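Thanks for coming. I will go through one model today, and I will keep to what was computed from its atoms.

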Amino acid sequence: FNSMDSARISPLARQLFRIDGVTRVFIATDFISVTKDDNEQAWNLLKPDIFACIMDFFSSNQPVILDEAAVSSHDTIINDDDDETTIMIKELLDTRIRPTVMEDGGDIR
């Protein structure tokens, strides 16, 4: 998420954007990445607020994403009208490319 507006489907991301200096939030299945403004506070000052925000959020049992369909990888679901090449590409994305990218801390959307 690049802004509070783009984070409208994620209560967690909205909470993180309320912290001064947070400019981006990336949420994947097994990690959260927060980017700060270079001109704001140092990481050692922001880190306690970010950590507390995340811990408080998960204690509240709210969903991380309100509309899972809006952010899940529906682009790689095999449809009845997909040709053989499209099916092979989608399977390759799901079985080889996405897992490799996620090992490095990213994801494919």
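**Lys90 and the rest of the chain**

I start with Lys90, which has its place in helix H4. Helices here are DSSP runs of H or I with at least four residues, strands are runs of E with at least two, and both are numbered from the N terminus.

Before going on, the ground rules. This is a predicted model, so local features need pLDDT of at least 70 and side-chain atom pairs count only at pLDDT 80 or more, while totals for chains, interfaces and linings use all residues. Residues are numbered from 1 along each chain as its sequence is written, and side-chain values use heavy atoms, with hydrogens and water left out.

Back to Lys90. What do the side chains of Asp82 and Lys90 meet in? They meet in a salt bridge, at 2.6 Å from N to O. The term means a side-chain nitrogen of Lys or Arg within 4 Å of a carboxyl oxygen of Asp or Glu. In general, side chains of opposite charge can pair when their charged atoms come close. A search of the whole structure finds one salt bridge. The side chains of Lys90 and Asp82 are also joined by a polar contact of 2.6 Å. That is a pair of N or O atoms within 3.5 Å; within protein, one must be able to donate a hydrogen and the other to accept it, and residues adjacent in sequence count only if both atoms are side-chain atoms.

Are these two residues buried or exposed? Lys90 is buried, at 9% relative accessible area, and Asp82 is buried too, at 16%. Buried means under 20% relative accessible area, exposed means over 50%, and partly exposed is in between, with a 1.4 Å probe and protein chains only. Of the 109 residues in the chain, 27% are buried.

Staying with H4, which covers residues 84-103, we find Ile97 there. Ile97 is partly exposed, with a relative accessible area of 33%. Together with Leu92 and Val101, Ile97 makes a nonpolar surface patch of about 200 Å². Patches take residues with over 30% relative accessible area and no salt bridge; like charges are joined within 9 Å, and nonpolar side chains (Val, Leu, Ile, Met, Phe, Trp, Tyr) within 5 Å. The areas come from the Shrake-Rupley method with a 1.4 Å probe, and for residues only the protein chains shown count as cover.

Next, the overall layout. The chain has four helices and two strands, in the order α-β-β-α-α-α along the sequence.

The largest nonpolar core has 15 residues, of which Leu12, Leu16, Ile19, Val22, Val25 and Ile50 touch the most other members. H1, strand S1 (22-27) and helix H2 (43-59) each supply at least two residues of this core, and H2 gives the most, with five. Such a core is a set of buried Ala, Val, Leu, Ile, Met, Phe, Trp, Tyr and Cys residues joined through side-chain atoms within 4.5 Å.

One backbone detail: Asn61, in the loop between H2 and H3, has a positive phi, near 60 degrees. Most residues other than glycine have a negative phi. Asn61 is exposed, at 69% relative accessible area.

Last, confidence. The pLDDT, the predictor's confidence in each residue from 0 to 100, averages 84 over the chain, and 83% of the residues score at least 70. Where pLDDT is low, the predicted coordinates should not be read in detail.
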